[in-house]
Amino acid sequence: MSTATTASVSTHILDTSIGRPAEGVAVSLTARSGSDAEWVALGGSATDADGRCKDLPALPEGTTHVRLDFETEAYFSNKSSTKKQAEAQQDAPRVRDSGAFFPEVAITFAVVPGEHFHVPLLLNPFGYSVYRGS
C-alpha cells in the first residue's frame with residue numbers, strides 16, 4: 001500500500017488469445033531513485049489463478065522509477081493448446097519459432113509518492129499491451 005512518502009505497485013495479466021487470466025507467470029520488481037540511479041532488485045511473485053500478483057514487495061522511500069519483468073516464455077511453453085489456437089487464427093504461414101515471440105516483457109514506468117500504480121498486461125503469443133489501470 002502506498003503512503004505519503006512511497007508509491008505502491010500492482011499488476012495482473014490477461015491472456016487475450018484465450019480471454020482468460022494468465023496463471024503462473026513469474027514477475028520480478030526492480031526500482032531506482034532517479035534517472036541516473038542503479039536499479040535495485042526488490043523481489044518478485046507469480047500470477048495467481050486470477051492473473052494477479054497480490055504480494056509484490058513494497059517500494060522503498062524515494063523510488064521514482066519501477067520496472068516489472070514478466071517471464072512469458074515459460075507460460076507460453078506450458079500452454080501448447082493456447083499456442084496452437086493462436087497460430088490457427090494467424091494468416092501467416094504455420095511455421096513458427098519453438099518459443100514465445102516475446103520471451104519476456106519488461107515495463108518501465110515513473111511513480112510518485114502517495115499514489116498507487118496498477119499496470120495490467122494484455123498478452124498473447126505475438127503481442128502485448130500495457131496501460132495504467134486503476
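Mentor: A nonpolar core is a set of buried Ala, Val, Leu, Ile, Met, Phe, Trp, Tyr and Cys residues joined through side-chain atoms within 4.5 Å, where buried means under 20% relative accessible area, exposed over 50% and partly exposed in between, with a 1.4 Å probe and protein chains only. This is a predicted model, in which local features need pLDDT of at least 70 and side-chain atom pairs count only at pLDDT 80 or more, while totals for chains, interfaces and linings use all residues. Residues are numbered from 1 along each chain as its sequence is written, and side-chain values use heavy atoms, with hydrogens and water left out.

Trainee: Which residues touch the most other members of the largest nonpolar core?

Mentor: Those are L68, F70 and F109, in a core of 25 residues. At least two residues each come from strand 1 (8-15), strand 3 (26-32), strand 6 (65-71), helix 1 (72-77), strand 7 (105-110) and strand 8 (116-124), and strand 8 gives the largest share, four residues. Helices (H or I, at least four residues) and strands (E, at least two) are DSSP runs, numbered from the N terminus.

Trainee: And what is F109 in contact with, leaving aside neighbours within four places in sequence?

Mentor: With that exclusion, F109 is in contact (heavy atoms within 4.5 Å) with V9, T64, H65, V66, L68, F117 and V119.

Trainee: Switching topic, which side chain does the S8 side chain make a polar contact with?

Mentor: The partner is the side chain of H116, at 2.6 Å; a polar contact is a pair of N or O atoms within 3.5 Å, and within protein one must be able to donate a hydrogen and the other to accept it, with residues adjacent in sequence counting only if both atoms are side-chain atoms. S8 lies in strand 1, as S10 does, and the side chains of S10 and H118 are likewise joined by a polar contact of 2.6 Å.

Trainee: Is S10 buried or exposed?

Mentor: S10 counts as buried because its relative accessibility is 16%.

Trainee: How many salt bridges are there?

Mentor: The count comes to four, taking a salt bridge as a side-chain nitrogen of Lys or Arg within 4 Å of a carboxyl oxygen of Asp or Glu. One of them joins R132 and E115, with the closest N and O atoms 3.1 Å apart. This pair links distant parts of the chain, 17 residues apart: R132 is in the segment after strand 9 (127-130), and E115 is in the loop between strand 7 and strand 8.
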